[in-house]
Amino acid sequence: MKQKTKHSTHRIFIFLLSLMVWLTGSCAFAGAPVASSLAPMLEKILPSIVNIRAEIKITDLSLLNRIQRNQQAQNNNGPLPDKALSVGSGVIVDAKKGYILTNAHVIENAENVMVTLSDGHHYTAKIIGMDRPSDIALIQVKAKNLTAIVVGNSSDLKVGDSVAAIGNPFGLNQSVTSGIVSAVGRNTLGIEAFENFIQIDAPINPGNSGGALVNAAGALVGINTAIIAPNQGSVGIGFAIPSNLAVSVMQQLIEYGNVKRGMLGIGAQDINPDLATAFGINSIKGAAVTLVIQNSPAQNAGLQVGDIITSINDTPISTANDVVNAVGFLRVDSKANVHVLRKGKKITLHATLNDPKQRDQDNEKADPFLYGVGLKHFTLLSPIHGNVDGILVVSVQEDSNAWHSDLRPGDVITMANQQAVTSIDALKEQAAGSKDALLLNVLRGNGAVFLVINKES
């Protein structure tokens with residue numbers, strides 16, 4: 001079973017809900033109560049929920065270690081399997097095209113994916129695409145007479161709303177549990193890169209991954225994903241990915257096969273009461289900009305350190321994590337209207353997100369010799385070198401031209417192209433005038449060396 005952990009003082013663990021069954025082992029079973037009052041609604045939507053079995057090639061060493069410990073506990077000294085079954089759930093969202101939403105961790109590294117419908121028919125599925133940061137995947141089957149679920153608006157969910165979770169816990173097909181929404185907007189759980197979970201108390205277990213969370217009307221409002229599980233079983237704290245987020249990812253997977261996220265280029269933090277007082281604002285809602293990356297869309301749009309972001313594209317921002325989620329699903333070249341408070345005044349800024357990889361390539365092209373190098377002015381009275389006035393190398397990005405030329409953190413640059421350099425501007429001036437190579441003299445420990453940074457690594 002693929003799993004992620006979150007440690008606390010109570011040793012509570014968060015498990016992703018796919019059930020991993022070794023091909024040489026067996027599966028445990030557990031039941032789930034069904035609320036009879038939900039029968040009329042469930043009768044219509046149960047055919048939309050499918051069982052997914054993905055044959056996974058085992059390449060993860062930690063996974064192999066877990067399998068080995070499991071076999072040892074069962075006094076099984078046989079050879080370790082090279083494949084496993086990932087057992088999860090899925091939701092039919094387009095009957096005509098055969099599209100099925102599930103979790104990325106259910107089908108990740110799958111060599112083949114088998115879908116079983118509620119009527120028992122089996123189909124081999126095609127993987128349309130997956131997005132690991134959000135843990136959403138889209139697969140497709142070619143089948144007739146499929147039943148698609150109605151997709152609801154997860155933004156309408158409120159704490160206390162009745163919900164039902166449908167899936168295949170421990171391989172038990174079409175299991176239903178019910179409960180209420182315990183919280184919305186859960187984040188910083190360390191489960192996924194982008195988190196905006198719906199917390200529910202409806203019991204869900206391994207095998208529920210990718211299954212449906214539906215409201216009282218039977219509309220899909222979430223994709224069940226994870227639980228807090230001290231003993232690898234449900235304790236009534238489960239998490240689902242909101243349907244709005246899942247559909248947003250699905251649309252990009254259909255169109256592009258992936259989610260190509262744009263970058264805004266800021267650092268942000270939550271606002272506590274002390275910060276609110278210091279900024280002269282009356283609310284702790286919003287995110288304070290702590291960093292604006294040079295030549296980023298944020299800088300080009302005019303964002304400044306100290307701005308308080310209150311909304312992005314009309315999505316309210318209450319925390320720094322809201323900024324991550326609001327920007328995280330916007331594609332490259334998307335427009336972001338950023339509403340901020342700046343010294344008490346409301347300002348709207350307009351940013352066009354760019355591709356972080358393209359930005360890196362542009363920066364490297366503009367400065368091929370010093371790209372990826374962190375620098376700081378440095379003075380020292382050295383017993384060996386005497387009075388040193390140069391530039392300290394603070395960091396060097398791996399795989400940069402400077403890295404391949406053996407420039408390392410701690411080096412002190414004193415000469416460039418055989419000219420003394422005592423400031424970063426002077427060093428950059430020499431780099432800008434270099435054609436194919438930059439010759440550096442650096443102090444390293446008790447000695448000194450010449451290095452040549454070539455334009456092409």
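My entries start with the helix and then move to the strands.

**Helix α4.** I kept in mind that this is a predicted model. I checked the length of α4 (residues 243-256) first: at 1.5 Å a residue its 14 residues should span 20 Å, and the end C-alpha atoms are 20 Å apart, so the two agree. Next I asked which residues of α4 are buried. I found Ser243, Leu245, Ala246, Val247, Val249, Met250, Gln252 and Leu253. I then looked up what covers them, and the cover includes β4 (83-94), β5 (99-103), β7 (122-131), β8 (136-140), β13 (220-228) and β14 (238-242). Just after α4, I noted a positive phi of about 85 degrees at Gly257.

β6 (residues 110-116) pairs with β7 in the antiparallel sense through four bridges, and Thr116 has His122 as its bridge partner. Five residues lie between these strands in their hairpin, where Gly120 has a positive phi near 95 degrees. On to β8: β7 pairs with β8, again antiparallel, over five bridges, with Ile127 opposite Ile139. Their hairpin has four residues between the strands, and Asp135 in the turn shows a positive phi of about 65 degrees.

How many bridges join β15 (residues 266-270) and β16 (residues 287-292)? I found five, in the antiparallel sense, and Asp270 stands opposite Ala287. β16 also pairs antiparallel with β17 (residues 308-312), over two bridges; there, Ala288 has Ile308 as its partner.

Technical notes: Residues numbered from 1 in each chain as written. Predicted model: local features only at pLDDT ≥ 70, side-chain atom pairs only at ≥ 80, totals over all residues. Heavy atoms only, no water. Expected span 1.5 Å × (residues − 1). Buried < 20%, exposed > 50% of the residue type's maximum accessible area, 1.4 Å probe, protein only. Contact = heavy atoms within 4.5 Å. Pairing = 2+ DSSP bridges.
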